[in-house]
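The sequence and structure come first.

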Amino acid sequence: MTHRERKLAGDAIRKSAREQGLTEENARQEIEKAIAQGMERSRQAGDRTAIEMWSSIPCEGEIPTAEEFVVWVSELVEIIRSKEKKTRDNFE
């Protein structure tokens, strides 16, 4: 993750925390708790698709940080938007 990506993700987390009436630290903790729970539930259920999805998140440790997750989701959104635009362009 680049310094710029980390900063943008941190900014997004701070903004979301303010909007939710949380401290930045509480917001990070909630995001990371949800990530850990999602990963564990996928493993427990033996859901290969979900396990592969979690494994695809670039991260320095075993579990993505809040910033790593936000960057990954942002990249997915960009991919989806790009595909939707190509699809619309093909029908115009």
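## Glu24 and Arg28

Glu24 is partly exposed at 27% relative accessibility, whereas Arg28 is buried, with a relative accessible area of 14%. Here buried means under 20% relative accessible area, exposed over 50%, and partly exposed in between, using a 1.4 Å probe and protein chains only.

The two side chains, Arg28 and Glu24, form a salt bridge at 2.3 Å, N to O. A salt bridge is a side-chain nitrogen of Lys or Arg within 4 Å of a carboxyl oxygen of Asp or Glu. Both Arg28 and Glu24 belong to helix 2 (residues 24-45), 4 residues apart, about one turn of the helix. Helices are DSSP runs of H or I with at least four residues, numbered from the N terminus.

## Basis of the values

This is a predicted model, in which local features need pLDDT of at least 70 and side-chain atom pairs count only at pLDDT 80 or more, while totals for chains, interfaces and linings use all residues. Residues are numbered from 1 along each chain as its sequence is written, and side-chain values use heavy atoms, with hydrogens and water left out.

## Lys7 and Asp11

Lys7 and Asp11 form a salt bridge with their closest N and O atoms 3.0 Å apart. They lie 4 residues apart in helix 1 (residues 3-20), so about one helical turn separates them. Lys7 is partly exposed at 47%, and Asp11 is partly exposed at 29%.

In helix 4 (residues 66-91), Asp89 and Lys85 are 4 residues apart, about one turn. Their side chains meet in a salt bridge of 2.8 Å, N to O. Asp89 has 39% relative accessibility and is partly exposed; Lys85, at 45%, is partly exposed.

Salt bridges with shared partners join Lys7, Asp11, Arg14, Glu24, Arg28 and Glu67 into one network. The structure holds 9 salt bridges.

Note on methods
Helices (H or I, at least four residues) and strands (E, at least two) are DSSP runs, numbered from the N terminus.
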